[in-house]
Amino acid sequence: MAEPAKIAVFISGTGTNMAALLYASRLEGAPFEIVLVASNVADAGGLELARIEGIATFAHPHKGHSREDHDAAMEQAAKDAGAQFIVLAGYMRILSEGFVRRWEGRILNIHPSLLPKYKGLDTHARAIAAGDSHCGASVHLVTPELDSGEVLAQAKVAIASEDTPEGLAARVKLAEHQLYPRAVAEYVSRGNDPEYLLARVRELALALPETHERESHGSPGFRVGTEKSGKFFAHFNDQHHGSQHIAVLVKTGSMDELLGLVETQPDVYFKPAYYGASGWIGVILNRPGIDWDHVAQWLERSWCAVAPARLTKLRDAADRF
Ligand code: GAR
């Protein structure tokens, strides 16, 4: 099994979501571990709980510091602890754009509403005032725009006619404690999840002109051209023939190129069984920090190598504009 992902949790308050994450991380087989709990509030309740549980903590009050400087100190602490992801759990600070950009795709937040409804504060009171039947919580990726990144998971909570914002908030938190550990677990495991990786490859492959999916030897493959006479330009491999890789196979220009890439970048490429002999190279997908633009470039190159001239000509012409 893959090593658990290392996460730093940032809190400002009671830290009950952090506690839910922490105890979830201690269950058998959990795919993440908390390496740091950090706060902008020196006496945040959650820091004490983390200490009792033997987790490293860091407190850095924001007063008297610019947003950038404060973020930089928090970021350094996360890096020093070896964090691969930052998980915000009731961290009531808006983050500077530079910080968010540096962690893009690796920073998550939980927000007490069913986004895109009710971004910002007072979410429970606003849901009650609007007469909504439900509110809830959303786990989302953090982007520079507040509460606007991709929503990864949501939990719904019914609103009762006699609800107060405080009572409702308490119930929403119960739901959050179920939702957040599961959403974080799923997110950090994506990189090893063949279904997720196949979906990404499929999206990129089928975005190329005149492509379709066709199974080949029991594995998904992608072809260019007509259903009748199309040719494969990519094959998806999930740990085939004893290999530990989840990979997409694409066409190289020559055996020399294939062998050169495999030799110089063995963490990115490998020579697949059978297919390798005819110039297909494996681009490893289940590796940390995978660059999907790089995968897209390979797919396009492989598409160009096998596409009929009528399609590549059109593309060359389009490129000239
Ligand atoms: C949670 O309800 C969380 O959704 C909310 O703060 C609370 C923190 O509780 N976060 C936000 O409002 C972020 N905009 P906790 O400290 O007990 O986990």
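I started with the open sheet of 6 strands, whose order is β8-β9-β10-β11-β13-β12 and whose pairing is antiparallel. I took helices (H or I, at least four residues) and strands (E, at least two) as DSSP runs numbered from the N terminus, and I counted two strands as paired if DSSP finds at least two bridges between them. At the edges I found β8 (211–216) and β12, each with a single partner strand, so one side of each has no neighbour in the sheet. Helix α8 (residues 255–264) packs on this sheet, where it touches β12 and β13 (280–284), and its direction makes about 25° with that of β13. Contact here means heavy atoms within 4.5 Å, while axes are lines fitted to C-alpha atoms, for helices over the stretch in contact, with angles from 0 to 180 degrees between N-to-C directions. Within the sheet, strand β9 (residues 219–224) runs antiparallel to strand β10 (residues 231–238), and 4 bridges join them. I noted Gly221 standing opposite His235 in β10.

I wrote down the ground rules before going on. This is a predicted model, in which local features need pLDDT of at least 70 and side-chain atom pairs count only at pLDDT 80 or more, whereas totals for chains, interfaces and linings use all residues. Residues are numbered from 1 along each chain as its sequence is written, and side-chain values use heavy atoms, with hydrogens and water left out.

Next I turned to the open sheet of 7 strands, which has mixed pairing and the order β3-β2-β1-β4-β5-β6-β7. Its edges are β3 (57–59) and β7 (151–158), each with a single partner strand, so one side of each is left without a neighbour in the sheet. From one strand to the next the twist averages 20°. Strand β2 (residues 32–39) pairs with β3 in the parallel sense over 3 bridges, and the bridge partner of Val37 in β3 is Thr57.

I then followed β4 through this sheet. With β1 it pairs in the parallel sense over 4 bridges, and Ile7 has Phe85 in β4 as its bridge partner. With β5 the pairing of β4 is also parallel, over 3 bridges, and Ile86 has Ile107 in β5 as its bridge partner. I use buried for under 20% relative accessible area, exposed for over 50% and partly exposed for what lies in between (1.4 Å probe, protein chains only).

What lies across the sheet? Helix α1 (residues 16–25) lies across β1 (5–11), β2, β4 (85–88) and β5 (107–111), running at about 155° to β2. Of the 10 residues of α1, 8 are buried, among them Met18, Leu21 and Leu22. The cover over the buried residues of α1 includes β1, β2, α2 (45–52), β4, β5 and α6. Helix α6 (residues 165–189) lies across β1, β2, β4, β5, β6 (134–141) and β7, and runs at about 155° to β7.

For the rings, I paired those of Phe, Tyr and Trp (its six-membered ring) if their centres lie within 6.5 Å, with planes under 30 degrees apart called stacked, over 60 edge-to-face and the rest tilted. The count by this rule is 4 aromatic pairs. In one of them, Tyr269 and Trp298 are edge-to-face, at 6.0 Å centre to centre with 75° between the planes. This pair links distant parts of the chain, with Tyr269 in strand β12 (residues 269–270) and Trp298 in helix α9 (residues 292–306), 29 residues apart. Tyr269 is buried at 4% relative accessible area, and Trp298 is buried at 7%.

I also checked charges over rings, which need NZ of Lys or CZ of Arg within 6 Å of the ring centre and within 35 degrees of the ring normal. Arg106 lies over the face of Trp103 at 4.3 Å from the ring centre, and Arg223 lies over the face of Phe232 at 5.6 Å.

How many disulfides does the structure hold? I found 0, with a disulfide taken as a pair of cysteine sulfur atoms within 2.5 Å. Cys135 is buried at 4% relative accessible area, whereas Cys304 is partly exposed at 35%.
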